[in-house]
Amino acid sequence: MAIFIYNTLSRSKERFVPIDSEEVRMFVCGQTVYDEAHMGHAKTYIDFDIVVRWLRSSGYKVKYIQNITDVDDKIIARAEEKQMTPTALARKYEGLFLEDMEAIGVRENVDLYPRSHDYIGAIRDQIQLLFDNGYAYAVGDNAYYDVSKFRDYTKLSGMKIEELKKHRIESPEGKRNVYDFALWKAVKKETEPQWEIEVVIEGERRKLRGRPGWHIEDTAIVHSFFGPQYDLHGGASELIFPHHTNEIAQSEAAFGISPYVKYWMHSGVFNIRGEKMSKSLRNYISIREVLSKHGPEDIRMAICSTHYRKDIEYREEIISNAARRVNYLYASMSSFYNMKEGQGDRDGEALAIASRMDVGFKEAMDDDFNTPLALSRLEIAAGELKDFAESNDAIGEGTKIAIVDAIRKKAWVLGLLENDSFKEPLPEEARKMIGEREEMRKKRKFEESDRIRDDIRSRFGIELEDTEQGTAWSRKSWRGKGRTG
Ligand SMILES: [Zn+2]
């Protein structure tokens, strides 16, 4: 069985065959660090985090790079607004971004976060190649890419060249075609971050003072690590045009190797009230804001319960519903884990639950990372194990550990069940109190029952929720990190 990936370039699912059998090379466009990271970013980076986790757990060695865009017009504009230097502003938001990525379990799986700032030499070299090959031209200290020279410019987006013209918002002054894009931007204000690069244009040495365009930052950085061709490039669907379209035009024109990337993967976006959540529209919910009320696993559950290629409409309920599903997984595993160990007559049944889950989970993930289906297979198995725990007296110790391991290995791919505290049983005293509280509720003594609930929370850190099936208990720690082994 192989992994199949939907490739934006071919608009079809293709069998995944890495270029180099030793190592898969994967790149995802990183953050432009000028503001807080929001739930839209959480979706992109969690979607691709699941991709890399699944590839690795399927036995591939993967080198995974995400860049940090720290030279950009938006950074300069925001720095001016905040009366900071662009570099200080970029460092500040880079720090916050990496903290957020750590909190939601993404950072640990990215091998490298290179900054554009450190690759000006590589950017110059790539611009030089584009001049040499006849794709670049200079207007003053600006360098532009001549889109009319590159055949197949629209192969990724499938757009008509006429449509492109509508999307260009930059002033076309001095450009040969309105849809030509900047490789190097001349200094507009002395306070801007700037470099002087030397290039040779038609045999003549020229110094261009300014800063790189956004698209060339990415291709130059990636080329430094992966060369002119690699396996996987990911990003949100909004980047297909112009960003990824321009990345292809640059790299293929500079190095003459096609395709630049073998598999192009694009994830859906987070919408809010029907509009895309974005920093520029300022209609976003930050990751921090959500983390102040919910656990990181709640966020991951909310995101992986929709297929990565689909958009999600943001509502507060999607996170609270996800939290309930996270609790259910933990509570089920807690009942199973805390079963009495001993001679179990029906161990085989429990093992069968785990192996059905194993097969089903893999089948779903191999089919273009179908996380909602994989997740449901995990939840079904958790529910079956909970039922098993309730209807059987004991289970063999080795069997139990093997099953818990199998479940957690798959849950890890989604970033769930990462906290060990499910191993702690519900304390006897708390169990008694829950029983008493149920009596109170039956007698409609709600004040009493609320008092007991508060008591359980403060003494044991245990939350209670009344559901149709009775009282469910959970620990706050269940929805966050805390794995010890
Ligand atoms: Zn990019």
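**Salt bridges within helices**

Glu94 and Arg91 are three residues apart in helix 3 (residues 86-103), so about one helical turn separates them. Helices (H or I, at least four residues) and strands (E, at least two) are DSSP runs, numbered from the N terminus. The model is predicted, so that local features need pLDDT of at least 70 and side-chain atom pairs count only at pLDDT 80 or more, while totals for chains, interfaces and linings use all residues. Residues are numbered from 1 along each chain as its sequence is written, and side-chain values use heavy atoms, with hydrogens and water left out.

- The side chains of Glu94 and Arg91 form a salt bridge, with 3.7 Å from N to O. A salt bridge here is a side-chain nitrogen of Lys or Arg within 4 Å of a carboxyl oxygen of Asp or Glu.
- Glu94 is buried, at a relative accessible area of 9%, whereas Arg91 is partly exposed, at 28%. Buried means under 20% relative accessible area, exposed means over 50%, and partly exposed lies in between (1.4 Å probe, protein chains only).
- Arg451 forms a salt bridge with Glu448, and the closest N and O atoms are 3.5 Å apart. These two residues, Arg451 and Glu448, are three residues apart in helix 15, which means that about one helical turn separates them.
- Arg451 is partly exposed, with a relative accessible area of 46%, and Glu448 is partly exposed as well, with 32%.

**Further salt bridges**

- How many salt bridges does a search of the whole structure find? The search finds 52 salt bridges.
- Glu349 and Arg346 meet through their side chains in a salt bridge of 2.7 Å, N to O.
- Glu349 has a relative accessible area of 39% and is partly exposed; Arg346 counts as partly exposed at 35% relative accessibility.
- A network of salt bridges links Asp49, Arg53, Glu108, Arg300 and Glu418.

- The protein chain is divided into domain 1 (317-418) and domain 2 (426-485). These bounds come from an automatic or database domain assignment.
- The C-alpha centres of domain 1 and domain 2 lie 23 Å apart.
- In domain 1, 10 residues are in contact with eight residues of domain 2. Contact means heavy atoms within 4.5 Å.
- The size of an interface is often given as the accessible area lost when the parts come together. Buried area is the accessible area (1.4 Å probe) that two parts lose on being put together, summed over both.
- Between them, domain 1 and domain 2 bury about 890 Å², and 50% of this is on carbon and sulfur atoms. Of the area that domain 1 buries against domain 2, Asn327, Tyr330 and Glu418 supply 52%, more than any other three residues.
- One salt bridge is counted between domain 1 and domain 2. The side chains of Arg324 and Glu465 meet in a salt bridge, at 3.2 Å from N to O.
- Three residue pairs (both at pLDDT 80 or more) are in polar contact between domain 1 and domain 2. A polar contact is a pair of N or O atoms within 3.5 Å; within protein, one must be able to donate a hydrogen and the other to accept it, and residues adjacent in sequence count only if both atoms are side-chain atoms.
- Which helix gives the most to the side of domain 1 that touches domain 2? Helix 10 (residues 316-337) does, with seven residues.
- By class, the side of domain 1 that touches domain 2 has five nonpolar, two polar and three charged residues. Ala, Val, Leu, Ile, Met, Phe, Trp, Tyr, Cys and Pro count as nonpolar, Asp, Glu, Lys and Arg as charged, and the others, Gly among them, as polar.

**Backbone features**

- Most residues other than glycine have a negative phi, and most peptide bonds are trans.
- The peptide bond from Phe241 to Pro242 is cis, with omega near 0°; Pro242 is placed in helix 7 (residues 240-255).
- Ser258 and Pro259 are joined by a cis peptide bond with omega of about 0°. Pro259 is found in the loop between helix 7 and strand 11 (261-267).
- Asp152, although not a glycine, has a positive phi of about 65°. Asp152 lies in the loop between strand 6 (142-145) and helix 5 (161-167), and Asp152 counts as partly exposed at 48% relative accessibility.
- Arg444 also is a residue other than glycine with a positive phi, near 60°. Arg444 is found in the loop between helix 14 (428-442) and helix 15 (446-460), and Arg444 is exposed, with a relative accessible area of 62%.
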